[in-house]
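Biologist: Could you walk me through how to read a few features here? I'd like the general idea and then the case in hand.

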Amino acid sequence: MDYNEIIVLLERYWEGETSLEEEALLRRFFSEPHPDMPEALQEAAPLFSYFQEEIEREYVMPEKPEQVPIPVATTAKVVQLSPFRHWMKYAAVLLMAVGMGYAMKQHQRQEMKARIVAAQQLKMEEEARLAYMETKKALQLLAKNLNKGTDKMQKLAYFNEAAGFIESSN
Amino acid sequence: MDLFLTQVVPVRQKLYRFAYRLLGNEEDAQDVTQDVLMKVWSQQEKMTELQNMEAWCMRITRNLALDKIKSKKYRLADELDRAGEVPATQHSPHAIAEKNDVMIKVRQVISELPEKYRTIIQLRDMDGYSYQEIADILELDMNEVKVNLHRARKAVREKLQNIQVYGL
């Protein structure tokens, strides 16, 4: 191919006006050795060599079949699983239920105990109050009876006084 | 399921290559490709409505790869690390060294482009996609693709000229 044609094509390439076929042509041209290549083409030579190299370079992704999503066929046989297959799950649920039940029972028992203690406390206070009232009543009665005695003693004092007075006048 | 097997599984290598170029790392490219397949598999009902399944898969690949880059504050593999990967030819050691040097520089020029430009050049010049397909993959208007490709090539040309003239 004439160098002039390539120069024109390359100019169109820089302008972004070339088609895919023309770009392939340029790559092909630059992949072949041209000892008398004009200077106008020399600036692009390394770029096209690089493109060619990148195109030929193989990026092979290592096969990892286990990571590729495996399509599940709709006609796949349905395998019945035994309900006891996951016995540990059931055991764990049961264990948790038992644990929670036990905890609740313990809590109830403690509450009941606290209530009984409170009731006993109340009863004792009531008894103490009653005893106090009884004692107070008894002491009041005693005081009343003692006051009765002072009246009689007062009268006796008058009598003694009168007897003394009579004796002194005689 | 048939669509998945006939249209998605065969483009797996292409998706991997695209992811690899974006991420520059084999392991992450594999992860992203697997994620893309899983995502496509989970959206099977959408497949029948699509006009270009491959472009859709490529788009998902790009989005997931960019997400990964963002999430990991990704650092693209040093270009020099890949210098040794340039295949040796039958030329003299001096010619090989010179060619490798040039290749490293070109690779560097491409890698220094903004992500959009770089991807467009890769899709067009290395993968041979049409403007419409690139527009579908990048979710751009076809004219935008053309404009961006023109700008990208212009930027590459300027840098190559600098290298040639000043050896920069």
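Biologist: Leaving aside neighbours within four places in sequence, which residues is A:Glu54 in contact with?

Modeller: Contact means heavy atoms within 4.5 Å. By that rule, A:Glu54 touches A:Tyr59 in chain A, along with B:Arg21, B:Arg107 and B:Met126. This is a predicted model, where local features need pLDDT of at least 70, side-chain atom pairs count only at pLDDT 80 or more, and totals for chains, interfaces and linings use all residues. Residues are numbered from 1 along each chain as its sequence is written, chains are lettered from A and ligands numbered from 1 in the order written, and side-chain values use heavy atoms, with hydrogens and water left out.

Biologist: Is A:Glu54 buried or exposed?

Modeller: Buried means under 20% relative accessible area, exposed over 50%, and partly exposed in between (1.4 Å probe, protein chains only). A:Glu54 counts as buried because its relative accessible area is 2%.

Biologist: And where does B:Glu27 fall, buried or exposed?

Modeller: B:Glu27 is exposed, as its relative accessible area is 59%. Its place is in helix α3 of chain B, residues 26-42.

Biologist: Which helix holds A:Glu54?

Modeller: Helices (H or I, at least four residues) and strands (E, at least two) are DSSP runs, numbered from the N terminus. A:Glu54 lies in helix α4 of chain A, residues 45-56.

Biologist: How many helices and strands does chain A have?

Modeller: Chain A has five helices and zero strands. Of its 170 residues, 17% are buried.
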